Amino acid sequence: MTKEETAIKATYFSIAGNISLALLKGAAGIFGNSYALVADAIESTADIFASGLVLLGLKYANRPADANHPYGHGRIEPLVTFLVVGFLITSATIIGYESIQNIGTPHALPRAWTLAVLAGIIVWKEISFRTVMKKAVETNSSSLKADAWHHRSDAVTSIAAFIGISIALVLGKGYEAADDWAALFAAGFILYNSYLIFRPALGEILDEHVYDDLVAEIRAVAQQVQGVLGTEKCFIRKAGMQYHVDLHANVSGDISVRQGHDIAHHLQNTLRAKLPQLGNILIHVEPQE
């Protein structure tokens with residue numbers, strides 16, 4: 001299975017899970033008198049659309065390079081991540097506003113059985129986070145990482161709801177708002193997590209250099225190629241699941257242009273074979289006296 005197929009399969013997993021949980025949370029929140037669960041359902045509903053965007057982005061990013069996009073279509077991934085962050089911020093704002101409204105409104109205590117529902121949701125969401133994050137790391141997909149953090153956000157909001165409902169049930173009348181305070185805390189956590197997702201995607205769009213480990217690998221591989229005496233500049237930019245490289249390689253100044261050209265091609269082929277995550281590789285030959 002290719003990286004693209006792995007990422008797409010993980011996204012289908014997210015969509016199916018979010019649909020099921022949105023329905024479960026919504027029903028449990030309404031019949032169990034828990035706004036924290038309703039807030040959780042709102043986030044899961046937003047997650048459905050966010051995961052759908054990730055799926056569309058991954059499929060578009062998987063298109064081969066063409067005349068208009070010589071580096072491929074991978075840059076769609078951070079753009080989709082920005083949209084996903086927008087969904088997170090919107091859901092956090094709605095949850096926060098409704099929580100504040102409900103804090104001052106008298107309402108019944110949540111039902112005790114909602115705790116059992118939340119416990120199951122927390123376990124499932126943590127499993128989902130670890131599953132999707134593992135696939136995101138394997139495929140180098142920024143949008144899939146954002147999707148994974150959605151699951152972690154969901155787990156944390158469910159933990160907050162569990163704590164809020166527990167306080168309301170244990171302390172009884174007069175503490176009904178603990179459920180709403182839990183939802184407000186969850187909204188704040190979602191906003192914070194939105195920044196953590198947004199920041200690396202912005203760096204990807206701006207070609208921020210954060211790939212020192214990969215640069216070290218590239219230099220080590222280059223040193224193994226016959227005719228390469230050393231390396232100088234090495235620039236990397238990420239697009240989708242691939243890394244595009246500009247590398248300056250030192251060769252003897254006494255060899256012919258053709259020999260330098262052949263060494264550069266040999267270096268390109270070696271890098272692609274040993275580091276399959278690399279996309280376009282541009283080798284600039286520097287004479288070393």
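Reply: Rings of Phe, Tyr and Trp (its six-membered ring) pair if their centres lie within 6.5 Å, and planes under 30 degrees apart count as stacked, over 60 as edge-to-face and the rest as tilted. This is a predicted model, in which local features need pLDDT of at least 70 and side-chain atom pairs count only at pLDDT 80 or more, while totals for chains, interfaces and linings use all residues. Residues are numbered from 1 along each chain as its sequence is written, and side-chain values use heavy atoms, with hydrogens and water left out.

Me: How many aromatic pairs does the structure hold?
Reply: Counted by that ring rule, with centres within 6.5 Å, the aromatic pairs in the structure come to 3.

Me: Is the aromatic pair of phenylalanine 13 and tryptophan 124 stacked, tilted or edge-to-face?
Reply: The two rings are 5.7 Å apart, centre to centre, and their planes are 50 degrees apart. Phenylalanine 13 sits in helix α1 (residues 3-31) and tryptophan 124 in helix α4 (residues 114-139), so that the pair links parts of the chain 111 residues apart; helices here are DSSP runs of H or I with at least four residues, strands are runs of E with at least two, and both are numbered from the N terminus. With 50 degrees between its planes, the pair is tilted.

Me: Are phenylalanine 13 and tryptophan 124 buried, partly exposed or exposed?
Reply: Buried means under 20% relative accessible area and exposed over 50%, with partly exposed in between (1.4 Å probe, protein chains only). The relative accessible area is 28% for phenylalanine 13 and 34% for tryptophan 124. Because 28% falls between those limits, phenylalanine 13 is partly exposed, and tryptophan 124, at 34%, is also partly exposed.

Me: What is the angle between the planes of tyrosine 211 and tyrosine 243?
Reply: Tyrosine 211 lies in the loop between α6 (178-205) and α7 (212-223), whereas tyrosine 243 belongs to strand β2 (residues 242-252). Tyrosine 211 is buried at a relative accessible area of 13%, and tyrosine 243 is buried at 11%. Their rings, 5.3 Å apart from centre to centre, form an edge-to-face pair, and the angle between the planes is 75 degrees.

Me: Which residues does lysine 238 touch, leaving out those up to four places away in sequence?
Reply: Lysine 238 is placed in strand β1 (residues 230-239), and it counts as buried, at 7% relative accessibility. Contact means heavy atoms within 4.5 Å. With residues up to four places away in sequence left out, lysine 238 touches Arg75, Asn140, Ser142, Glu204, Tyr211 and Tyr243.

Me: What is the relative accessible area of threonine 81?
Reply: Threonine 81 is part of helix α3 (residues 76-103). Leaving aside residues up to four places away in sequence, threonine 81 touches Ser142, Ser143, Ala146, Ile197 and Ala201. Threonine 81 is buried, and its relative accessible area is 1%.

Me: What is the radius of gyration of the chain?
Reply: The secondary structure of the chain comes to 8 helices and 3 strands. The globule rule, which is 2.2 Å times the number of residues to the power 0.38, is set against a radius of gyration taken over C-alpha atoms. For 289 residues the rule gives 19 Å, and the chain is well over this value, so it is more spread out than a compact globule, with a radius of gyration of 25 Å.
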